[in-house]
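Please take a moment to look over the sequence and the fold shown below before reading on. The paragraphs that follow walk through a few of its features one at a time.

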Amino acid sequence: MADTLLDRRLALDKLLRAIVKERCGSENVYYQPKNGLAMNYPCICYKRSKIRNVAADDNVYLQRFFIP
């Protein structure tokens with residue numbers, strides 16, 4: 001069964017929470033937090049970014065991350 005994007009993100013979230021809890025004793029992990037959200041530190045804040053592909057000969061040979 002192929003993992004969906006949501007399944008993969010939730011697995012990443014679970015892993016990050018375990019790391020923060022082991023190191024800091026809390027599970028302060030935020031995925032794409034809203035502006036003005038009061039975050040508890042130390043924490044991990046992550047978001048999904050876009051990737052721009054550059055192709056040649058019908059193959060992707062370069063990928064660049066960019067902030068919209």
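Is arginine 17 buried, partly exposed or exposed? Arginine 17 has a relative accessibility of 26% and therefore counts as partly exposed, where buried means under 20% relative accessible area, exposed means over 50%, and partly exposed lies in between (1.4 Å probe, protein chains only). Before going further, note that this is a predicted model, in which local features need pLDDT of at least 70 and side-chain atom pairs count only at pLDDT 80 or more, while totals for chains, interfaces and linings use all residues. Residues are numbered from 1 along each chain as its sequence is written, and side-chain values use heavy atoms, with hydrogens and water left out.

The side chain of arginine 17 meets that of aspartate 13 in a salt bridge, with 2.7 Å from N to O; the term stands for a side-chain nitrogen of Lys or Arg within 4 Å of a carboxyl oxygen of Asp or Glu. Side chains of opposite charge can pair when their charged atoms come close. Aspartate 13 and arginine 17 are separated by about one helical turn, because they are four residues apart in helix 1. Helices (H or I, at least four residues) and strands (E, at least two) are DSSP runs, numbered from the N terminus.

Together with Leu12 and Leu15, Ile19 makes a nonpolar surface patch of about 260 Å². Patches are made of residues with over 30% relative accessible area and no salt bridge, with like charges joined within 9 Å and nonpolar side chains (Val, Leu, Ile, Met, Phe, Trp, Tyr) within 5 Å; the areas come from the Shrake-Rupley method with a 1.4 Å probe, and for residues only the protein chains shown count as cover. Isoleucine 19 itself is partly exposed, at 40% relative accessibility.

From the loop between helix 1 and strand 1 (29-31), where glycine 25 lies, one can turn to the loop between strand 1 and strand 2 (44-46), which is the place of proline 42. The C-alpha atoms of glycine 25 and proline 42 are separated by 9.9 Å, although the two residues are 17 residues apart along the chain. Glycine 25 is exposed, with a relative accessible area of 59%, and the peptide bond leading from tyrosine 41 to proline 42 is cis, with omega near -5°.

Which residues have a positive phi without being glycine? Aspartate 57 has a positive phi of about 55°, and for aspartate 58 the value is near 60°. Aspartate 57 is found in the loop between strand 3 (50-56) and strand 4 (59-66), and aspartate 58 has its place in the loop between strand 3 and strand 4 as well. Aspartate 57 counts as exposed at 73% relative accessibility, as does aspartate 58 at 80%.
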